[in-house]
Amino acid sequence: MILNISLVTLYCLDQDATRDFYVSNLGFETRADSRIGGFRWLTIGHPSQPELEVTLMTPGPPLAPEAAAFVRGQLESGQMGGLGLQVDDCRKTCEQLRAAGVVFLQEPAERPYGVEAVLRDNTGNWFVLVEKTTPA
């Protein structure tokens, strides 16, 4: 029986810089950081969600060389989708993150499901911040 989603992968160009971005700017914490041969297993997670880890993975094996090159190109051009992050106050969170140097692609806007803003991490992934509201 499946209990939950416990691990998701987020591609990045520099594992250290990306870890530092999430820890310093978004309040995540490092969960695992080990090397297995030439492979680095690096995960982060949010303190309020201990059951979910995000693997920070550079494009490479087990991806085929062509697929890894495609992912690198998508990151470099800012075209990779990332995660949805739930917040309690989207506008206030945007102000705090902007003060920390986070780049926003879309300012907070009313949507049928709540208030949403779009940001970009330091490696080209974009994310949504969502303040959920109760539908009318």
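Student: Hi! Which strands form the open sheet, and in what order?
Tutor: Hello! This is a predicted model, and in it four strands form an open sheet in the order 5-8-7-6, with mixed pairing.

Student: Which strands stand at the edges?
Tutor: Those are strand 5 (80-86) and strand 6 (103-111). Each has a single partner strand, so one side of each is left without a neighbour in the sheet. From one strand to the next, the twist averages 20°.

Student: How do strand 5 and strand 8 run, parallel or antiparallel?
Tutor: They run parallel, and five bridges join strand 5 to strand 8, which covers residues 125-132. You can find some of the facing residues yourself: glycine 84 has valine 128 of strand 8 as its bridge partner, and leucine 85 stands opposite leucine 129 in strand 8.

Student: And what about strand 7 and strand 8?
Tutor: Those two pair in the antiparallel sense, over seven bridges. Valine 115, for example, stands opposite glutamate 131 in strand 8. Strands 7 and 8 form a hairpin with four residues between them. In the turn, glycine 124 has a positive phi of about 110°.

Student: Is strand 8 mostly covered or mostly open?
Tutor: Mostly covered: six of the eight residues in strand 8 are buried.

Student: Let's switch to helices. How many residues does helix 2 have?
Tutor: Helix 2 has 12 residues, 65-76. From its first C-alpha to its last it reaches 16 Å, close to the 16 Å expected at 1.5 Å a residue.

Student: Which residues of helix 2 are buried?
Tutor: Ala68, Val71 and Leu75 are buried there. Seen down the axis of helix 2, the buried residues fall within an arc of 60°, so they line one face of the helix. They pack against strand 1 (7-11), strand 5 and strand 8.

Student: What's on the other side of helix 2?
Tutor: There you find Pro65, Glu66, Phe70 and Glu76, which are exposed. After helix 2 comes glycine 78, with a positive phi near 70°.

Student: Where does helix 3 lie?
Tutor: Helix 3 (residues 90-99) lies across strand 6, strand 7 (114-120) and strand 8. Its direction is at about 170° to strand 6.

Student: Now the core. How many residues are in the largest nonpolar core?
Tutor: It has 22 residues, and those with the most contacts inside it are Tyr22, Phe104 and Leu129. At least two residues of this core come from each of helix 1 (15-26), strand 3 (39-45), strand 4 (53-57), helix 3, strand 7 and strand 8. As background, nonpolar side chains tend to be buried together in soluble globular proteins.

Student: What does phenylalanine 104 touch?
Tutor: Not counting residues up to four places away in sequence, phenylalanine 104 touches Cys94, Leu97, Arg98, Ala117, Val118, Leu119 and Leu129.

Student: One last thing: is glutamate 116 buried or exposed?
Tutor: Glutamate 116, which sits in strand 7, counts as buried because its relative accessibility is 11%, and buried means under 20%. Leaving aside neighbours within four places in sequence, glutamate 116 is in contact with several residues, including Cys90, Gln106, Arg111, Val128 and Leu129.

Technical notes: Residues are numbered from 1 along each chain as its sequence is written. This is a predicted model: local features need pLDDT of at least 70, side-chain atom pairs count only at pLDDT 80 or more; totals for chains, interfaces and linings use all residues. Side-chain values use heavy atoms; hydrogens and water are left out. Two strands pair if DSSP finds at least two bridges between them. Axes are lines fitted to C-alpha atoms, for helices over the stretch in contact, and angles run from 0 to 180 degrees between N-to-C directions. Contact means heavy atoms within 4.5 Å. The expected span of a helix is 1.5 Å times one less than its number of residues. Buried means under 20% relative accessible area, exposed over 50%, partly exposed in between (1.4 Å probe, protein chains only). The arc is that of the directions from the helix axis to the C-beta atoms. A nonpolar core is a set of buried Ala, Val, Leu, Ile, Met, Phe, Trp, Tyr and Cys residues joined through side-chain atoms within 4.5 Å.
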